[in-house]
Amino acid sequence: MWPHLRAAYNLARWLVRNDHDAEDIVQESFGKAFQAMHQFRGGDARVWLLAIVRNMAMNFLRQRRPGREMQWGEHASEPADTAPTAERSLIQQSRRDRIRTAIDQLPPEFRETLILREIEEMSYKEIAAVLKVPIGTVMSRLARARNLLVRELASEAGVGR
Amino acid sequence: MTCIEAEPLLNAYLDGELDAPSSVNIERHLADCRACQAQYGTLERLRDEIAAADLRYEPGPELERRIKAAFTPASAPRRRAAWWAPSLAAAAMAAAVLIALIVPARMSGPTAEREILDSHLRSLMANHLVDVPSSDRHTVKPWFQGKTSFSPPALDLTAQGFNLVGGRLEIVGGRPAAAVVYKRRDHVINLFIFEGGGSAAGLSQQEVDGYHLVRWTAGGLSYCAVSDLNAAELRAFAEEFRRH
């Protein structure tokens, strides 16, 4: 399971949008995964773990009082940058922030589909297995998500938020 | 195929998820439909921008420790301990078996490809990816001067979604090579540049042990890009590099 910790954390972090809750969800998910190990019928361990993470995160979002989600203060942390990109230009930085913000504003169903495709590089079939939806739904959610992003990124003024 | 039929398939085509007949149909439609070409171009640019934006959130090092501590017999509630111990041990055993299986599984291939791939893998394992870490091509390119007998180009392909990471000197198969290193998402691309080109004009693509290699020659230099990135995106990298 440990090789999939990064993917689990990344998905949880994108869904719940703060570090603290994402860590709790990953911890609970690993607990659940170990506990339910006997139900694991082979196949892809990453898909199996991410399906658990995804359910936990979605339940968490449903239970959370509306409004709490928009705590932008916690949101400023950047992912650990392994590449030596200290010289990254300001323009690039702000474009990156805009992309991040635009993805954050997508409805969770679109956001998770996009994250699994673009960051985890999963196939439609794997994404469908994580989300427990038909492949056609994966395809249409990705199309909607990308259209929304294109519109959002085009409509924003050049200044990053 | 009409635009109404093509539009929903553009995403699947971009993601390499279409079967061969549908791909051919889309390609035919794209060849003579300006509107769908534009739409497809927009999707490609978005994908490249997302790749370049490096959007992964990394867990802190304490998270793994915390989870292990919570689910190890010593510190877990006594009732629960019985559940974890066997599964953790089983997981550790499975991991050990997996490593044992993976390491000797490396097959032999043609020497040149093998040596280039070995060099790529060494650079990832030895934590010696670059001698000169920089995302600025004006730093990377001059660094090679005096260290190689030729002047390897280091291009800025950020806008195409390939981030320059730096450069490194290599000896591959007894020949000095400049390695220019790029990243796309989590994937490292080592671009090996050798002195001496051939007359071959096109790109040639190979797969060795699940890694992709793309070769070409230009301006008296030969190039070989190697990565665990998928074949289509590595080819796009090579095409962008050649175009600039």
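Reader: What is the handedness of the crossing of α1(A) and α5(A)?

Author: The crossing of these two helices is right-handed. The model is a predicted one.

Reader: Why is α1(A) called roughly antiparallel to α5(A)?

Author: The axes of α1 (residues 5-16) and α5 (residues 108-118) of chain A cross at roughly 155 degrees and come within 10 Å. Angles over 145 degrees count as roughly antiparallel, so α1(A) is roughly antiparallel to α5(A).

Reader: Which residues make the contact of α1(A) with α5(A)?

Author: From α1(A) come A:L11, A:W14 and A:L15, and from α5(A) come A:P108, A:R111, A:E112 and A:I115. By class, five residues of this contact are nonpolar, two are charged and none is polar.

Reader: How do you know that β5(B) and β6(B) pair?

Author: Five bridges join β5 (residues 204-208) of chain B to β6 (residues 211-218) of chain B. Pairing needs at least two bridges, so β5(B) and β6(B) count as paired. The two strands run antiparallel. Among the partners, B:Q206 is bridged to B:L213 in β6(B). Two residues lie between the strands of this hairpin, and B:D209 in the turn has a positive phi of about 50 degrees.

Reader: What makes up the side of chain A that touches chain B?

Author: In chain A, 38 residues are in contact with 36 residues of chain B. The elements of chain A that give two or more residues to this side are α1, α2 (19-35), α4 (90-104), α5 and α7 (135-155). α2(A) gives the most, with seven residues. By class, this side of chain A has 21 nonpolar, seven polar and ten charged residues.

Note on methods. Residues numbered from 1 in each chain as written. Chains lettered and ligands numbered in written order. Predicted model: local features only at pLDDT ≥ 70, side-chain atom pairs only at ≥ 80, totals over all residues. Axes fitted to C-alpha atoms, helices over the stretch in contact; angles between N-to-C directions. Helix = DSSP H or I, 4+ residues; strand = E, 2+ residues; numbered from the N terminus. Parallel < 35°, antiparallel > 145°, perpendicular 65-115°, else oblique. Left-handed = near helix turned anticlockwise from the far one by under 90°. Contact = placed C-beta atoms within 7 Å. Nonpolar A, V, L, I, M, F, W, Y, C, P; charged D, E, K, R; others polar.
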